[in-house]
Amino acid sequence: MVDLCPDDTPELKAWRQEVRDFLEKALPEPWTFWYDYDEDPASWERYLDFWRQVGKKRWTALTWPTEYYGLGRPAIEKWILEEEFVNHDVPTYPVIGMHVAGYLLRHGTHEQRCKHLKGIADATVLWGEGYSEPGAGSDLARLTTKAHRDGDEWVINGQKTLGTAAHFCQWMSVLARTDPDGPRHAGISCFLVPLDAPGIEMLPLDNMADGRQNMTYFDDVRVPADSLLGDENQAWTQIWFGMGGERLDNAGPSLGPHAMRILPLLNRVIRYCRQTTRGGRRLGDDPVVRQQLGELMVGVEALKLQAYELYGIAQSGKASRFGEASMHMHQAVYKEFWPHLAQVCMEIVGPMAQIQGGKWAQLNGDIEHYFRASFGNHAGGTSQLKRMVLATRGLGLPR
Ligand SMILES: Cc1cc2nc3c(=O)[nH]c(=O)nc-3n(C[C@H](O)[C@H](O)[C@H](O)COP(=O)(O)OP(=O)(O)OC[C@H]3O[C@@H](n4cnc5c(N)ncnc54)[C@H](O)[C@@H]3O)c2cc1C
């Protein structure tokens, strides 16, 4: 198995152990929970409780500057922390809203960072993402939500869709058109919007894997002038980072979704095959099952290698067109591999995978839930779009 992490110094070994010790106490049993596919209030409470413990230690802000609630530690320590968190199957890594922290650290003012970063890091203030609109998903630059300046305020009007778990959030990062006459990519700005502002209404969009996205309506919503994040009309570059580019940021490269969504599940299925007997034979002794597991593991290892490559690119400080293309390739592969893995896991567990409760439920019914969730793989951009970006920006093909 791929193990390229250079954690051979005594200090890094000690750090890995410290993370393991913390997890043993904070989460004695691994627990699969995805905030985008779970509405159970008790589970949400438990999820937030876990992340508040992590946040209290400032480990959510491990690599951030100490000035802003961070610990100023090197990226390799974050990488090791993520590896351990994934191996332990923690509830959704990272905690919801962390994308805004990346924006704030790169583009925010000192005041905005002081105001928002601590609440994000200690999971006491949750942030949703308000980018997609009914007519602007893959082609996000078509967005029509508008913001205009009125004295010391911005006034926002429009509609956002598919906002994951936004009804659990207190704030939202919202993209709006601030220059209706300029080129469509150049006239967009990002705003930090409290979700209790007058004029905001939210309606549910239930997804088929038991989670909820939201329609969010903005009707003359007024926010102070300093709610603008970064420079006016310059949000397109910020969006690019929000769509995965943060993984090329040398302050915080991340293991990536393959680890969070795929590896813990595959490990569970492998354990299940070792322990379960069918027709007098251990499932793991079935040659077809062995082939299937082997094939899935090859996929996971390939994703892991890509993630390591991205880490290397980020650390080299050469986040270039090549790095960007590698990232999109990684995402395209992951997005297509996820439903495939879910399908094969369903086949391995068999028809009983569909039972959600009671003594016949296998692996707590999680495989079937995972199967349904895998169709949400277009969150953050579809694989077709990732392929298109790869073709144009990576291979230099014409649009
Ligand atoms: C579970 C989930 C959570 C989400 N969470 C959020 C969130 O929190 N905040 C937020 O703002 N948005 C969120 N989204 C929205 C997500 O970003 C969009 O669904 C995604 O960008 C695709 O847009 P669309 O759904 O409008 O599909 P469309 O853009 O209408 O695409 C439809 C189909 O056409 C294909 N297609 C479109 N253009 C091209 C092209 N040029 N070349 C090839 N194929 C193309 C697509 O690949 C897709 O298969 C979420 C979506 C899901 C499913």
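Visitor: Why is Val-90 called buried?

Guide: A residue is buried if 20 or more other C-beta atoms lie within 10 Å of its own, exposed if 12 or fewer, and partly exposed in between, with C-beta atoms placed from the backbone. Val-90 has 25 C-beta neighbours inside 10 Å, so Val-90 counts as buried. The model is a predicted one, in which local features need pLDDT of at least 70, side-chain atom pairs count only at pLDDT 80 or more, and totals for chains, interfaces and linings use all residues. Residues are numbered from 1 along each chain as its sequence is written.

Visitor: Where does Val-90 lie, and with which residues is Val-90 in contact, leaving aside its neighbours within four places in sequence?

Guide: Val-90 belongs to the loop between α3 (75–87) and α4 (98–107); helices (H or I, at least four residues) and strands (E, at least two) are DSSP runs, numbered from the N terminus. Two residues are in contact if their C-beta atoms, placed from the backbone, lie within 7 Å. With neighbours within four places in sequence left aside, Val-90 is in contact with Leu-27, Phe-50 and Phe-85. From Val-90 to Trp-51 the distance is 9.4 Å, C-alpha to C-alpha, and the two are 39 residues apart in sequence.

Visitor: What makes strand β6 lie largely in the open?

Guide: Strand β6 covers residues 200–206, and of its 7 residues the number buried is 0, so β6 lies largely in the open.

Visitor: How do you know that β6 and β7 pair?

Guide: Two strands pair if DSSP finds at least two bridges between them. Here 7 bridges join β6 to β7 (residues 212–224), and the strands run antiparallel. Met-202 stands opposite Thr-216, and Leu-205 opposite Gln-213. The hairpin of β6 and β7 has 5 residues between the strands, and Asp-210 takes a positive phi near 75° there. Strand β3 (residues 153–160) also pairs with β7 in the antiparallel sense, over 7 bridges; Val-155 has Arg-222 of β7 as its bridge partner.

Visitor: What makes the protein as compact as a globular protein of its length?

Guide: The protein has 11 helices and 10 strands. Its radius of gyration is 22 Å, close to the 21 Å that the globule rule gives for 399 residues, so the protein is as compact as a globular protein of that length. The radius is taken over C-alpha atoms, and the rule is 2.2 Å times the number of residues to the power 0.38. Of the 399 residues, 39% count as buried.

Visitor: Why is the ligand said to lie between domain 2 and domain 3?

Guide: Domain bounds come from an automatic or database domain assignment, which gives domain 1 (10–121), domain 2 (127–233) and domain 3 (243–394). Domains 2 and 3 both give residues to the shell around the ligand, so the ligand lies between them. A residue is near a molecule if its C-beta atom, placed from the backbone, lies within 6 Å of it. Of the 22 residues around the ligand, Gly-137, Ser-138, Gly-376, Thr-382 and Gln-384 come nearest.

Visitor: How do the residues of the shell divide by class?

Guide: There are 5 nonpolar, 15 polar and 2 charged residues in the shell. Ala, Val, Leu, Ile, Met, Phe, Trp, Tyr, Cys and Pro count as nonpolar, Asp, Glu, Lys and Arg as charged, and the others, Gly among them, as polar.
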